[in-house]
Each structure stands twice: as structure tokens, then as C-alpha cells.
Amino acid sequence: MIKFQNVSKKFGTGTEALSDLNFSVEKDEFVFLVGPTGSGKTTIFRLIIGEFSPTGGSIVINDWDILKLPREKIPELRKKVGVIFQDLKLFNDRTVFENVLLPLEIDNREIEGSKKRVEEVLEEVGLTPHRDKFPVQLSGGELQRVAIARALALSPDILLADEPTGNLDPATSWDIMNRLLEINKKGTTIIMATHNFDIVKNIPKRIIALDKGHLVRDEKSGGRSKK
Amino acid sequence: MKFIKTTNQNIRRSPYQAIAAIVIMMLTFLVVSFFIFLIAGSSKIVSYFESKPQVTAFFKNEAKQSDIDALQSNLKDSGKVSNVKFVSKQDALAIYKEQNKNDPLLLDLVTADILPSSLEISTYKIGDLSAVSETLKTSPIVSEVIFQKDVVATLTAWTSALRKIGAASILILSLVSIFLIITIIGIKISQKRQDIHIMGLIGATNWYIRWPFIFEGIFYGVVGAFAGWVISSASLWAATPFLSNFLRGIPVVPVSPLFLLELLFVELIMAVILGGLAAYLAVLRYLK
């Protein structure tokens, strides 16, 4: 489903964000991407959605080779890969409902079907009572759930979650985590970048650890016994 | 529909920028309308004079009626002349009295003796006016010949100058409109840069992002053009009584409603092109 082969990324400033990275993620897998700030977690996500190209190596998402993908196909790729951004990237002038509706509008879906889909997703993340609120009226956990709902609106094959529990209290973090595990159970491949070792050590899922752009650990089954 | 909704939202959220864009477009189309009225009107005036080729020959006081009659029949026989009318001294006095009926002082001073008798000659073709005029000038009984070739030439020169000034003004105002719309849409794109970036990240195509801005440019153009057309047409309507009095006998006003509707149609097409082009240039410049 996702295959990184000898991937490196060097920015114009000279910073080497990723170096000779090899890993693959299968369909339905749940993977924790861990590592300190600047280790390259977000760069991996940005490469997966084609925000920029790798300096070397190849990235294959489903059957698409990112390097060979024409620019006009990038929006199609992004509709297949839902992203929960670290800074959420919600529209503050749109309600919860409108924020979640946006990807469906962008995909030119029929309006009635789209509204129904938004209601389904809001129900799934427990936001139905907040559907007409604006982001400024919501708590941190609720905002995270809006971001999850928006990322799920187009039923993507892959979900990338960048620090979805950052800045949240433990109870809310676990709530978000459980929702992501539920989504994964329904067949969505999830890669979650996190610093939250409490969550990582308590959930027996694969861990890919990075440090300064290098892959330092790839445990097929992380969790309880591992640090 | 979605694009129009977004366009509507963009316009309502920055009404002053929208007003500025509409006002400059309105001014452009106001000038376009006025120059088209002037050009169409002056062309009609020229056509009017061209359709009435006329030479007037004034006779010397000593001219005998028999000589005048001979000259008149010579002209008729030439085949170039469509109509010849003799205006006697008495007829000339009657015309003079009619023209100055409100000024008794002028009427008192003039008698039939001091006014010349004349021949008013129309030709089939405007090109024959010169030849007829030359023939008349050589006649010993003719004191002065005037013909409207000069009037037509002057009017044609004026119309041509008017066209050039009109084209230059329209070009300058169109460029100003385009630059203003580019600036306004550029500001809006800068204000929404973050939103545009997010839309791109969640799968929006370039054209999905561009269309609302292009519709916005078209909207400014169309509303401005319509407002300009309404103001210019209303001004023309209000000026019609004055113009029909001023252009007595020349059928320029009232302007037909069909002409005004045709003008609106052409201006709306121009507005779509102008607004759409300006917005497209802004999008190319600011949305790479």
C-alpha cells in the first residue's frame, strides 16, 4: 500500500530531513511513527501527499509512483489519503458541518449524498451536537475530532495523523486514540506520528522510530512490553 | 453553483473592494457608451448631409430672370442634378423673416432688395457637387457658390478624431480597470492564501480554487457595465428633448430602444471578457 525505497529528502537550506529510508506499510495496518522533533515524521507525511518530491529514492502509494505522478493527478492522490494535520488546518469561518463537507464539495459529490455522508462521519466521531458550531467555539479534543471527521469524509484508503493527541489531556487523548483504532478496524490504513509514549507503549501496534531522518527502529508489534 | 456561492461569499466579505472594482468598471463602460453614442450620432449627421448633396448659388443683383432660367435648364439637362429650386429675393426675405421672427430690430433693417436670389441644387451623387459648383462659378450672373462638401469634410474629420479619442480613452480606462481588478483579486488571494493552501492539501484542483476568483472578476465587469449602460442610457433619454431641438431636422434622436439593447449586449460581452481576463491574470500572477 505504501512503499518507501531508499528515500531521502534534502531541503534547499541544506537540511537533510530524510536519509535512505526504507519501509512499507500494508493495507489495514496501524503504524506509530515516533521520534523527536525534526526527526522527519511530518516530512514523510508531506512526501506521501505529494506536497514535495523526494531528493532520491522512490515512493509508491497504492499503485501510484509519486515521482512519476503528473501534477494534475496530485489532487486525486490527496483524496485517497486523508490527513489530520498537526495544526488541524480547519477553516475558522466555516461551521463544523461545512468544514467536513468541504472535501466532498471539492470532489464534486452530489449535495444531498454529501450532507448524508457528513452526518454519518460526525456521528462516528461524536460531533453531531456540535455540527453548527464554529471552530472557535470548540474544545481541543472536539477540534481534533473535526479534523478526523474531515479526513474521513471521502472514506480514504489511508489516514495520516500528525500528532493527533498533542496538547490534549490524557482522557481526551485516549478518546481520540480509541476512535482512530475503531477507524482502523473498519479497514483504513493509519500512520500516526506521535510523541505520546504512554499511548505507544500501551497499544500493541507497529512502531517505526526515526532519528535525524534515519530509520532507527521498525518493530512489527510494538506496545505493552516495548519502550 | 458551488463556485458562485464562494464568489458571493468573497464579494460580501470585502464590500469596499467590490464597490471600487464596480465603480471603475462602471466608469469604463460609461465612457464606452458615451463615445458610442457620439460616434453613432455623428455618423448619422454625416450620412444626413451626404444624403442631401446641395449647392447653393447666389445671384448678382443685376442677374436677369431669363439668364437664371437658362442656367437652371442647363443644369437640369446635365443629368447630374436631381433637383433645382429657385429662391427669389421675396422668398429669401420670407425665410429671413421666419428665422428672425423674434428680433424685430433685425426685421426692420432688411428688405427684399438687399437679399440675393439663389438656386438650390441637389445632385444624385456627392461627387458631382464639385463639378456643378465649378460650372456655377464660371457663370457671370453668379456672385457666390457654397456647397456642403466642406460641411461633410469637416464633420468626417471630427468623427474620425472622435473615434480616435474614444478608442484611446476606452483603451486607457480598460487598462486601468484590468489593473485594478488584478490588484483587488490579488489582495483577496493573499488574504486567503492559508485557505487556498489547505484546500490544495485536501485535494482541490487548481481550477477548483481559481474559478471563484474568475467569477468574481466577471461579476465586477458585468455589474459595472450594466450600471454604466443604465446611467448613459438614462442621460441620453434625459437629453433627447434638447438634442432634438439642437439637431433640428437631422434624424439622430430619439435613439431606438433596439440600438440600446444591442449596445447592452455588446457591453456585457466586453465586460465578461475584461473582468474574466483581469481575474485570470491575477490568478496566474498570485496562484502559482
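Colleague: In which helix does B:Phe179 lie?

Modeller: Helices are DSSP runs (H or I, at least four residues) and strands likewise (E, at least two), numbered from the N terminus. B:Phe179 belongs to helix α7 of chain B, residues 149-191. This is a predicted model, in which local features need pLDDT of at least 70, side-chain atom pairs count only at pLDDT 80 or more, and totals for chains, interfaces and linings use all residues. Residues are numbered from 1 along each chain as its sequence is written, chains are lettered from A in the order in which they are written, and side-chain values use heavy atoms, with hydrogens and water left out.

Colleague: Is B:Phe179 buried or exposed?

Modeller: Buried means under 20% relative accessible area, exposed over 50%, and partly exposed in between (1.4 Å probe, protein chains only). B:Phe179 counts as exposed because its relative accessibility is 54%.

Colleague: How is the size of an interface expressed?

Modeller: It is often given as the accessible area lost when the parts come together. Here chain A and chain B bury about 1,600 Å² between them, 60% of it on carbon and sulfur atoms (accessible area lost, 1.4 Å probe, summed over both parts).

Colleague: How many salt bridges cross the interface of chain A and chain B?

Modeller: The rule, a side-chain nitrogen of Lys or Arg within 4 Å of a carboxyl oxygen of Asp or Glu, finds 0 there.

Key. Buried area is the accessible area (1.4 Å probe) that two parts lose on being put together, summed over both.
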